[in-house]
Amino acid sequence: MAWSQEEFTNWKASPLTQKFFAFLGDKREDLKETWAQGIDMSKEDEAVAFVYGDILDLKYGHISEFYETEEEESEDE
């Protein structure tokens, strides 16, 4: 069930998606601040911070590569 470049761009531009990404960014920043203050973090919290970063960096190329589809446009989105 691959997405087209247009579908991905529309999804990423959606206000709901933008709010979700803002939450992930805020939560990740909170975890980074906890780490920077030298507070012990669980392995789970460390993993969550990395996963949130990966999600925030999601590009169409990641999806098209996984589904082995041809990219219709650039990977910028």
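The following legends describe close-up views of a predicted model. Local features require pLDDT of at least 70 and side-chain atom pairs pLDDT 80 or more, whereas totals for chains, interfaces and linings use all residues. Residues are numbered from 1 along each chain as its sequence is written, and side-chain values use heavy atoms, with hydrogens and water left out.

**View 1. Contact of helices α1 and α2.** Helices are DSSP runs (H or I, at least four residues), numbered from the N terminus. The axes of α1 (residues 5-13) and α2 (residues 15-36) come within 5 Å and cross at roughly 65°; they are lines fitted to C-alpha atoms over the stretch in contact, with angles from 0 to 180 degrees between N-to-C directions. W11, K12 and A13 of α1 meet P15, T17, Q18 and F21 of α2, where contact means heavy atoms within 4.5 Å.

**View 2. The buried face of helix α2.** T17, F21, L24 and L31 are the buried residues of α2 (buried, under 20% relative accessible area; exposed, over 50%; partly exposed, in between; 1.4 Å probe, protein chains only). Their directions from the helix axis to the C-beta atoms fall within an arc of 85°, so these residues line one face of α2. They pack against α1 and α3 (43-56). On the other side, P15, L16, K19, D26 and A36 are exposed.

View 3. The side chains of E29 and K32 form a salt bridge (3.4 Å, N to O), defined as a side-chain nitrogen of Lys or Arg within 4 Å of a carboxyl oxygen of Asp or Glu. Both residues lie in α2, three residues apart, about one turn of the helix. E29 is partly exposed at 37% relative accessible area, as is K32 at 38%.

How values were computed
Helix = DSSP H or I, 4+ residues; strand = E, 2+ residues; numbered from the N terminus.
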